[in-house]
Amino acid sequence: MRWLTLYARSRQIPASLAAVVISAVAVALARDGGGGPGDPRLPVLVLATGAMAVSIGLSGQDLALDRTAAIRWVPRRAAHVLLCGAVVGTVLLTVQAMGEDMATTAFVVRDSAGLMGLVALGAVLSGGQYAWTLPFAWLSFSFFAPPPTSAPMQVASWMLLPPGTAAGTLTALVLAVAGTAAYAVAGPRR
């Protein structure tokens, strides 16, 4: 159990979890009914903020120290990404259970999985300290993109599509699988 505590502290999990909870609660409190119950922008913003907050924990403090671990890194990295995605989604679902609904469970699961895949890809490409840039850029584009009438625009704005949309679900699934696999095998860029 001690190794788990040390791992959590080395990956800055307590601070990341605090940032995830604070951002979700702040958005829930700030919501004044604007946007309506079907508006996906606020829940996507909460999920993206949570994914970006946990992204800092995708790289360790010391490469040489990481290489001395007794447990192989591939399953540990994959578990880290999957667990972070589950925590980010659970925090939003818990906060919205105490107030008004912002998104369905299917929407939260799809977007948190896809966003964690993006964060993992960002860690592989840019390192843990810059892993947040890829989901931030995609989210920014999604907010200002034209309406998703074509298939490429549906893929580009997958975060904002309704949960039953095939393009949104497939894009999130591909990002989640590719990002988790790439991060598990390659690790963060140094």
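**View 1. Helix H3 and the residues it buries.** In this predicted model, the buried residues of H3 are Pro43, Val44, Val46, Leu47, Ala48, Gly50, Ala51, Met52, Ala53 and Val54, where buried means under 20% relative accessible area, exposed means over 50% and partly exposed lies in between, with a 1.4 Å probe and protein chains only. Helices (H or I, at least four residues) and strands (E, at least two) are DSSP runs numbered from the N terminus. Because 10 of its 14 residues are buried, H3 is largely enclosed by the rest of the structure. The cover over these buried residues includes helix H2 (13-30), helix H5 (73-98), helix H6 (105-126) and helix H7 (133-144), with contact taken as heavy atoms within 4.5 Å. The 14 residues of helix H3 (residues 41-54) should span 20 Å at 1.5 Å a residue, and its end C-alpha atoms are 20 Å apart, which agrees; the expected span is 1.5 Å times one less than the number of residues in the helix.

Residues are numbered from 1 along each chain as its sequence is written, and because the model is predicted, local features need pLDDT of at least 70 and side-chain atom pairs count only at pLDDT 80 or more, while totals for chains, interfaces and linings use all residues. Side-chain values use heavy atoms, with hydrogens and water left out.

View 2. Residues up to four places away in sequence not being counted, serine 55 touches Val119, Gly128, Ala131 and Trp132. Serine 55 and alanine 131 are 76 residues apart in sequence, yet their C-alpha atoms are 5.8 Å apart in space.

View 3. The side chains of aspartate 111 and arginine 110 meet in a salt bridge, at 2.9 Å from N to O, the rule being a side-chain nitrogen of Lys or Arg within 4 Å of a carboxyl oxygen of Asp or Glu. By this rule the count comes to 1 salt bridge. Both partners are buried, aspartate 111 at 0% relative accessibility and arginine 110 with a relative accessible area of 7%. H6 is followed by glycine 127, whose phi is positive, near 95°.

**View 4. Two aromatic pairs.** A search of the whole structure finds 2 aromatic pairs; rings of Phe, Tyr and Trp (its six-membered ring) pair if their centres lie within 6.5 Å, and planes under 30 degrees apart count as stacked, over 60 as edge-to-face and the rest as tilted. Tryptophan 132 and phenylalanine 136 form an edge-to-face pair, 5.9 Å centre to centre with 70° between the planes. Tryptophan 132, at 34% relative accessibility, counts as partly exposed, and phenylalanine 136 is partly exposed as well, with a relative accessible area of 42%. Tryptophan 138 and tryptophan 158 form an edge-to-face pair, 6.3 Å centre to centre with 85° between the planes. This pair links distant parts of the chain, with tryptophan 138 in helix H7 and tryptophan 158 in the loop between H8 and H9, 20 residues apart. Tryptophan 138 counts as partly exposed at 23% relative accessibility, whereas tryptophan 158 is buried, with a relative accessible area of 0%.

**View 5. Serine 157, in the loop between H8 and H9.** The loop between helix H8 (151-156) and helix H9 (166-186) holds serine 157, which counts as buried at 4% relative accessibility. Leaving aside its neighbours within four places in sequence, serine 157 is in contact with Ser142 and Pro148.

View 6. Leu17, Val21, Val25, Leu29, Leu83 and Val87 make a nonpolar surface patch of about 500 Å². The elements that give two or more residues to this patch are H2 and H5, and H2 gives the most, with 4 residues. Patches are made of residues with over 30% relative accessible area and no salt bridge, like charges being joined within 9 Å and nonpolar side chains (Val, Leu, Ile, Met, Phe, Trp, Tyr) within 5 Å; accessible areas come from the Shrake-Rupley method with a 1.4 Å probe, and for residues only the protein chains shown count as cover. Leucine 83 has its place in helix H5 and, at 57% relative accessibility, counts as exposed.
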